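Have the structure open and follow along.

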Amino acid sequence: MLEAITLIVAQTTVLLAVSPLLVGLIRKVKARLQLRRGANLLQPYADLAKLFQKQAVISTTTSWIFTATPYIVFASTLTAGLLVPTFTSQTPMNFAGNIIAVVYLLALGTFFLILAGLDAGSAFGGMGGSREAIVASLTEPAMILAIFAIALTNGSTNVSTIVHKTALLEDIVTDPSPHLMALAALFIVALAETGRVPVDNPATHLELTMIHEAMLLEYSGRYLAVLEWAADLKLAVFLSLIANVFAPWGIATTVAPAAIGIGLLVYILKIAVLAVLIGVLECMFAKLRLFRVTDLLGVAFILALLGLLFFYILRS
């Protein structure tokens, strides 16, 4: 019991501490590639601290959904993060659910965020909520199929079991085709779910092109800080999922202090590399038109489905 509590506290601390840094790293990479100096890597922490100190302004037309949504989104995202391995293959809440629970915990936060966008009575909030609903309805099937393609090769839908077996190379399909297709599908889903280019642009100031940011326009103060931190957490969860499901090497398979220390360093390095990759891609591609986003997410679904089909073909 003490070991489980220690792991919960450690993984929670790591996720909360590292997630704003990933956003700062992406912004820094984009600035350097655009020949700008850019903000400091620690700027997201300063932004969160400033927002927590500001007073929140709440519209009189809102209900309890508006004020409760930031905490629901933050709690569901953090809980999903505790179901995904980070620096050790044994997740703190391994007993609580599998990859399906991760998907629907993230979907719970998205659902309440859409409700909050509608609850404020803003035209832009409703527009962003409807767009987010379209994106979510297309990303969830692709995400589940991508993980199932890997789950079948390991014989389990539990993320810890998948990562542990892959790290030790135990009873897995060695052909890389299903893994590569599932990796491509999950990476596209991660870009869509976290509101990155080419699906959305988190730095945009044009309301007509917003998706995620349009639902946050009515928030301010501590509520906006919690939602921004939850968005950073969601990015960290997806990068952790990609890094450890498809490249779990270096992750701690035991609870020995030395193994955990090495696993933590390797984990930070892997997600930092993925953050740099996202920053490079955002400089190479422009934001897609809304009606082209469905084509991109359709490609992700097809890749995930092909990964499943390839697994059955290779097994037969």
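Helices here are DSSP runs of H or I with at least four residues, strands are runs of E with at least two, and both are numbered from the N terminus. Keep in mind that this is a predicted model, where local features need pLDDT of at least 70, side-chain atom pairs count only at pLDDT 80 or more, and totals for chains, interfaces and linings use all residues. Residues are numbered from 1 along each chain as its sequence is written, and side-chain values use heavy atoms, leaving out hydrogens and water.

Start with the pocket. A pocket is an open set of points on a 1 Å grid over the protein atoms alone, with protein on both sides within 12 Å along at least five of seven lines, and its lining residues have an atom within 4 Å of a point. Of its 47 lining residues, Arg-27, Pro-202, Ala-203, Glu-213 and Glu-228 lie closest to the centre. Helix α8 gives the most to this lining, with eight residues.

Now hop over to α6, residues 159-168. Val-159, Ser-160, Ile-162, Val-163, Thr-166 and Ala-167 are buried there (under 20% relative accessible area with a 1.4 Å probe, protein chains only). Their directions from the helix axis to the C-beta atoms fall within an arc of 165°, so they line one face of α6. They pack against α4 (99-119), α5 (123-154) and α8 (221-246), with contact meaning heavy atoms within 4.5 Å. Just after α6, Leu-169 takes a positive phi of about 55°.

Conventions. Buried < 20%, exposed > 50% of the residue type's maximum accessible area, 1.4 Å probe, protein only. 1 Å grid on protein atoms, 1.4 Å probe; cavity = no way out; pocket = protein on both sides within 12 Å on 5 of 7 lines; lining within 4 Å.
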